[in-house]
Each structure stands twice: as structure tokens, then as C-alpha cells.
Amino acid sequence: MISIKGLHKQFGQLEVLKGIDLQVEKGKVVVVIGPSGSGKTTMLRCLNVLETPTSGVISIEGQSLDFSKAVSKKNIASFRRLTGMVFQNYNLFPHKTALENVMEGPIIVKGESKETARKRATSLLEKVGLGDKMDYYPAQLSGGQQQRVGIARALAMEPEVMLFDEPTSALDPELVGEVLKVMKDLAQEGMTMIVVTHEMRFARDVADEVIFMDGGVVVERNKPEEIFTNPKEERTRKFLNMIQ
Amino acid sequence: MYLSSIFTDPERAEKLIEIAKTSLWPMLEGAIMNTIPLTLLSFVFGLILAVLTALARISHVKLFQGIARVYVSIIRGTPLLVQLFIIFYGLPNLGITLDPFISAVIGFSLSVGAYASEIIRAAILSIPKGQWEAGYSIGMTYTQALRRIILPQAARVSVPPLSNSFISLVKDTSLASLVLVTEMFRRAQVIAARNYEFLLVYTEAAIIYWVLCFFLSILQQYMERRLDRYV
């Protein structure tokens with residue numbers, strides 16, 4: 001269970017998040033949509049503290065951080081291990097092979113033995129369909145393959161929730177499908193996921209709930225079939241009309 | 001005059017060849033015993049100092065930033081020769097008397113540390129912010145991300161400019177002759193003072209420096225190729 005209460009984020013004078021309250025139950029897939037500048041990516045980055053919220057409380061599976069007080073670096077590092085992050089531009093480590101990218105966290109952060117880490121990294125890469133590309137460097141892989149390594153790297157830390165920040169936005173159209181398929185499989189296995197995306201097909205097919213954000217607030221949340229066919233808010237309707 | 005005498009006077013030509021031959025070994029010995037160790041030691045110590053200085057410059061601690069800034073400013077703003085003189089001839093006035101070789105290692109290390117710190121700082125800053133974030137996102141601390149993710153990539157970016165510093169250092173060690181280190185150029189000076197064949201002996205020294213630097217640039221190419229394999 002993930003809960004966000006009163007999440008505010010300010011960059012200088014600019015208030016990007018104006019009080020977000022959100023609960024996501026274990027095993028659910030939540031897709032966040034909204035125009036650019038709506039704060040959806042910032043909200044996601046606050047969840048693993050890549051951005052430090054100005055105020056608010058975030059808790060994941062019982063561990064919580066209250067940002068109205070000072071938060072220690074140690075608490076942030078252990079909190080981050082609850083989440084796995086998949087970035088828009090993959091951010092793989094270019095000096096490491098696909099296998100080494102996936103093994104890095106378990107070895108360095110969790111202190112696992114190389115053998116154990118290698119075993120799990122191998123099975124994760126096989127799972128995302130890259131069993132034959134383990135010893136390739138990121139530069140030798142296509143965007144879709146890199147993003148699948150990125151997913152495997154995040155899964156290797158055995159997070160409670162996976163965060164996806166526009167995972168297919170940097171991909172050529174023909175490579176989007178392979179990444180979405182991996183995400184769909186993950187959802188079916190019961191992984192808790194929060195996905196910021198413009199892939200409405202994915203939202204329709206996979207999401208348990210769709211959240212529409214605009215201007216730093218959650219405007220509307222509902223089941224995908226409801227929100228896409230019968231949006232309650234004017235702003236949601238406008239946005240959906242523009243992209244469809 | 002000088003050149004034509006070599007062709008018209010076979011005895012003189014023979015004498016010059018003899019001098020070139022007999023002075024080669026003492027100069028090479030100076031290179032092997034002093035120039036090369038001085039270069040290597042100063043570069044290693046200098047690099048350690050440079051990484052620390054670069055990290056201090058990018059840290060958020062104002063005190064570290066200040067110390068690093070002042071250090072780089074002093075070293076870059078004063079001549080290397082003056083620094084060497086202060087260490088070797090000046091410090092004895094404070095009761096600190098150092099061996100010539102050690103004085104030179106200290107002087108050159110401080111110099112490499114300051115100049116290379118700027119190279120390393122720029123290299124660290126050139127690594128995209130997403131790399132830090134990717135490290136943090138799998139639970140790494142600052143130190144872990146720096147050591148495992150950022151520095152290895154920064155090292156690759158730094159190889160060409162650092163090779164430049166290294167090659168400069170090889171040549172700069174000739175300044176150590178002025179603080180009584182019997183490195184290669186000091187040997188050349190001693191030999192030339194005895195036989196007055198300045199052109200011959202100093203040219204010979206120049207050729208040895210050039211050969212040394214030539215091998216270093218081959219080494220640089222090799223390293224760049226090796227480090228480039230993943231991009």
C-alpha cells in the first residue's frame with residue numbers, strides 16, 4: 001500500500017505540486033496522464049525522492065517519510081530501495097554490460113554475492129526477453145532493448161512498487177510494443193505499478209485506475225473505461241479530446 | 001661553419017660521434033634513474049590530489065570549496081620554477097630541508113594536482129545527471145554512485161586531456177635540474193660543460209625527450225581505444 005498525503009513541491013517561486021493525496025493498493029496498476037507541466041513526472045520523482053518534496057508524507061508498505069521535517073540521507077537511501085524507477089531515457093550505465101547493469105544494485109547496495117546476483121540478473125534478463133544480449137553494452141542495444149534492461153535493473157532490487165516515467169516516450173514507434181508487453185506481464189504477475197505515460201491503449205488495457213493530473217493537482221481519478229468514455233471533469237474531457 | 005666542419009674534417013666528425021656515443025648512456029641513466037621515476041611519482045600523487053580537489057570543488061561544503069579554490073589559484077598563478085625554488089631553497093629557512101628529488105616530487109605533484117583537478121572536475125560535471133539518478137534509484141549512496149558510476153565514466157572523458165598533462169610533465173621535469181636533481185637534462189648540462197659541444201649534447205637530450213613522449217602518445221592511443229570499447 002502506497003499513500004501520499006498533502007504532497008507539495010516548489011521549485012523557487014514555482015509551485016509544481018499543490019497538494020497531492022493518493023492511495024494505491026498493493027498489486028494495483030495506476031496510470032497517470034495529463035498535459036506537460038501538470039506535475040505528473042515530479043510526483044513520480046518525489047516518490048523515490050529524486051526530488052525532495054517541500055512538504056507532505058509519503059509511505060510505502062509501512063515505511064514513511066515526513067517531509068515537513070528534515071529527513072536524513074540514510075532514511076532516503078533505504079526508502080528508495082522500496083521503489084524501482086524506470087526512466088524515460090533509460091539511464092543505463094554505459095560502461096557496464098546489460099548483465100552488469102542488472103547485477104550492480106544487488107552487489108553494491110544489497111551486498112549480495114556475485115553468484116547470487118548473476119543468477120537472478122540472468123533470469124530477469126531472460127524474463128524481459130534479452131537472454132541473448134547479456135554481454136552487450138547499452139550502446140550496442142536498441143532503445144527498446146535498453147529500456148527492457150532498465151526494467152530488469154529496477155526489478156533486481158525487488159522493489160515494492162515500480163515507477164515508470166514515460167518509459168516509451170523516447171522510443172521509435174516500432175519498439176514501443178516490446179516494452180509495453182514486458183510491463184503488461186509485470187502487471188499480470190501482481191506488481192504494484194505507477195506509470196506516467198501517453199500510451200492510452202496501455203492505460204485502457206492494463207490500468208486498474210487512471211489518474212488525470214493538471215496544474216499540480218489530481219483533477220480526476222476513475223476506472224479506465226469510465227474516465228475514457230465518460231469523463232466527469234471538463235479539463236479531463238478537453239485533454240482527452242486533444243490527444244485522441 | 002659548424003656543420004661544414006663535420007664534412008670537411010673527418011677527425012672532427014669522428015670526435016663528435018664519439019661524444020654523442022659516450023654521453024648517451026649517462027643521459028639515459030639520468031632518464032631512467034630520475035626523469036621517469038620523478039614523472040611517474042609526481043603524476044600518481046598529483047592525480048590523487050587532483051581527484052580530492054575536484055571533489056572538494058563540487059562538494060556543497062563551503063570550506064572545502066574555498067580551500068580547493070585557493071590551492072588551485074596559487075599553483076596556477078605562480079611559475080612552477082618559483083614553486084620549486086621555494087620548496088628546495090626557501091623551506092630550509094624554516095628548518096625544513098628536503099632532498100632534491102623529494103622537493104621536486106612535492107613541487108610537481110602540487111602542480112599536477114591543481115591543473116588536473118580542473119580536468120577531472122569538468123569530466124565529472126560532463127556526466128549526465130541521469131547517471132547519478134539511476135545510481136540513487138537503485139539505492140546507492142553518494143559515495144557508491146560516485147565510485148561505481150560517475151568516476152569510471154569521468155576517467156574515460158579525462159584520458160585525452162590528462163595524457164596531455166602527463167606529456168607536459170615529462171618535459172617539465174627538466175626544471176628539476178635547477179634544484180639539483182641529476183635528471184636527464186642535468187646530466188646533459190654537466191657533459192656539455194666539459195666538452196663545450198652544447199648543440200650536439202642538448203640536441204641529443206631533446207631527441208631522448210621526444211622519443212619518450214612519442215611512446216607516451218602511442219600509449220595514450222591504446223588507452224583511448226580500450227576505454228572506447230563500450231561507446
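A compact globule of 231 residues would come in near 17 Å for its radius of gyration, but chain B has 22 Å. That radius is taken over C-alpha atoms, and the globule rule is 2.2 Å times the number of residues to the power 0.38. Keep in mind that this is a predicted model, where local features need pLDDT of at least 70, side-chain atom pairs count only at pLDDT 80 or more, and totals for chains, interfaces and linings use all residues. Residues are numbered from 1 along each chain as its sequence is written, chains are lettered from A and ligands numbered from 1 in the order in which they are written, and side-chain values use heavy atoms, leaving out hydrogens and water.

**Chain B overall**

- Chain B has 9 helices and 0 strands (DSSP runs numbered from the N terminus: H or I of at least four residues for helices, E of at least two for strands).
- Along its principal axes, the C-alpha trace of chain B spans about 80 × 50 × 25 Å.
- Of its 231 residues, 42% count as buried, meaning under 20% relative accessible area with a 1.4 Å probe and protein chains only.
- Take the contacts in chain B with a separation of 6 or more, and 74% of them come from residues 24 or more positions apart; contact here means heavy atoms within 4.5 Å.
- Chain B exposes about 12600 Å², with carbon and sulfur atoms supplying 70% of it (Shrake-Rupley method, 1.4 Å probe).

**A helix pair in chain B**

- Helix 7 (residues 142-172) and helix 9 (residues 198-227) of chain B pack at an angle of about 170°, with axes 10 Å apart; axes are lines fitted to C-alpha atoms over the stretch in contact, and angles run from 0 to 180 degrees between N-to-C directions.
- Helix 7 and helix 9 of chain B are therefore roughly antiparallel, the label for angles over 145 degrees.
- On the helix 7 side of chain B, the contact includes B:Arg156, B:Pro160, B:Phe166 and B:Lys171, while helix 9 of chain B brings residues including B:Tyr209, B:Cys213, B:Met223 and B:Glu224.
- The residues of this contact split into 11 nonpolar, 3 polar and 3 charged.

**Chain A overall**

- Chain A has 9 helices and 10 strands.
- Its radius of gyration is 18 Å, close to the 18 Å from the globule rule for 244 residues, so chain A is as compact as a globular protein of that length.
- The C-alpha atoms of chain A fill a box of roughly 55 × 45 × 30 Å along the principal axes.
- In chain A, 56% of the 244 residues count as buried.
- Chain A exposes about 10700 Å², and carbon and sulfur atoms supply 46% of it.

Technical notes
Parallel < 35°, antiparallel > 145°, perpendicular 65-115°, else oblique. Nonpolar A, V, L, I, M, F, W, Y, C, P; charged D, E, K, R; others polar. Buried < 20%, exposed > 50% of the residue type's maximum accessible area, 1.4 Å probe, protein only.
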